[in-house]
Amino acid sequence: MYLPPHDPHVDDPMRFKPLFRIHLMERKCATVECMYGHKGPHNGHIQIVKKDEFSTKCNQTDHHRMSGGRQEEFRTWLREEWGRTLEDIFHEHMQELILMKFIYTSQYDNCLTYRRIYLPPSSPDDLIKPGLFKGTYGSHGLEIVMLSFHGKKAKGTKITGDPNIPAGQQTVEIDLAHPLQLPDIENLRDFSELSRIVLEVQEQVRREEQEQEHRQEEEDRSQQAASQPAAKPLGGEGAEGEETAAGAEGTTQDKAPASQPFVLPMGVISRNEDYPRTCRICFYGTGLIAGHGFTSPERTPGVFVLFDDDRFGFIWLELKSFSLYSRIKVSFQNAEAPSREAFDEMLKNIQSLAT
């Protein structure tokens, strides 16, 4: 398992932790060992579920227990996962969130399901290279997000989740057709000024979406009224759409020149104060927020800030908080790790032995 670095050091390397190991012996004999806990390897089980998915189960979960009980297990987990002790955490809300995460993760006792992650395709027109990024999420600590590009949109999808927003949800969406012109550095310190700019763009986006829906409805009505589809209106509409898209892309390129000074507005909370003080370009975007258990989810306005090829940020306007993201550069392999093909073959061998 690759774990994010300790909060809030997003630029530090990922941490490596073995979870299980497989021994393929002579005479087609295989054993699986769980590596979880502090008492050494012990008996486990592995099973293929379906394509690109398998599950592991520990058969000796007593090896995961500590003599000091759950309190010792929690303190050890806190030290390993967060790099701190309970006494270091003064914020009561943060203590509550960390304890909740411990309860969630420890209940599985290393009985886990694994699914293969397919990285998004890359295009020369992408703003930056897509891929996996470590990001700060307030009291939730560091989480992994996959950045992908979809025409005039970019999306950040959670690979790891938290009690509020689970894995698989789209944490941020960036509107590449609406770059933001930030005020000068002094006015940028005023949160109300940044808020005014973002909300104006939000209203503009809302009007454009309504106009697009209205045009679509008119087009649908005209198609239903005509005995045959009219080629000219359809072509004209399509050409207009392409011209608009090209114009938007051109605007984006024109407004992505040299770096400009950047500073967070007063009152915006950041877990990492060591963020870049210059940026390339900013865009309007939305971020997903929700209550515990993914209750009452809603998309709220924000600012996507591109710093360089490997770092970006997002200002959550409603939360008055800032997330900093840094690219994961690890190759996700170590010297003893098998290739994808070899691992798939290994699973098939174990499955055939089990049956």
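Against which helix do the buried residues of helix 2 pack? They pack against helix 1 (69-82), where buried means under 20% relative accessible area, exposed over 50% and partly exposed in between, with a 1.4 Å probe and protein chains only. The model is predicted, so local features need pLDDT of at least 70 and side-chain atom pairs count only at pLDDT 80 or more, while totals for chains, interfaces and linings use all residues. Residues are numbered from 1 along each chain as its sequence is written, and side-chain values use heavy atoms, with hydrogens and water left out.

Helix 2 covers residues 92-106 and reaches 21 Å from its first C-alpha to its last, and its buried residues are M94, L97, I98, M100, F102 and S106. Helices (H or I, at least four residues) and strands (E, at least two) are DSSP runs, numbered from the N terminus.

Strand 3 pairs with strand 4 (residues 30-34) in the antiparallel sense over 5 bridges, and L24 stands opposite A30 in strand 4.

Salt bridges, in which a side-chain nitrogen of Lys or Arg lies within 4 Å of a carboxyl oxygen of Asp or Glu, come to a count of 20. One of them joins the side chains of R116 and D52 at 3.0 Å, N to O, and this pair links distant parts of the chain, with R116 in the loop between strand 7 and strand 8 (131-136) and D52 in the loop between strand 5 (42-50) and strand 6 (53-58), 64 residues apart. R116 is partly exposed at a relative accessible area of 30%, and D52 is partly exposed at 23%.

Another salt bridge is formed by E193 and R196, whose closest N and O atoms are 2.6 Å apart; being 3 residues apart in helix 4 (residues 191-225), E193 and R196 are separated by about one helical turn. The side chains of R311 and D308 also meet in a salt bridge (2.8 Å, N to O), and salt bridges that share partners join D11, D308 and R311 into one network.

Finally, T286 is found in strand 15 (residues 281-291) and counts as buried at 14% relative accessibility. Its side chain is joined to that of R299 by a polar contact of 3.0 Å.

Note on methods. Two strands pair if DSSP finds at least two bridges between them. The expected span of a helix is 1.5 Å times one less than its number of residues. Contact means heavy atoms within 4.5 Å. A polar contact is a pair of N or O atoms within 3.5 Å; within protein, one must be able to donate a hydrogen and the other to accept it, and residues adjacent in sequence count only if both atoms are side-chain atoms.
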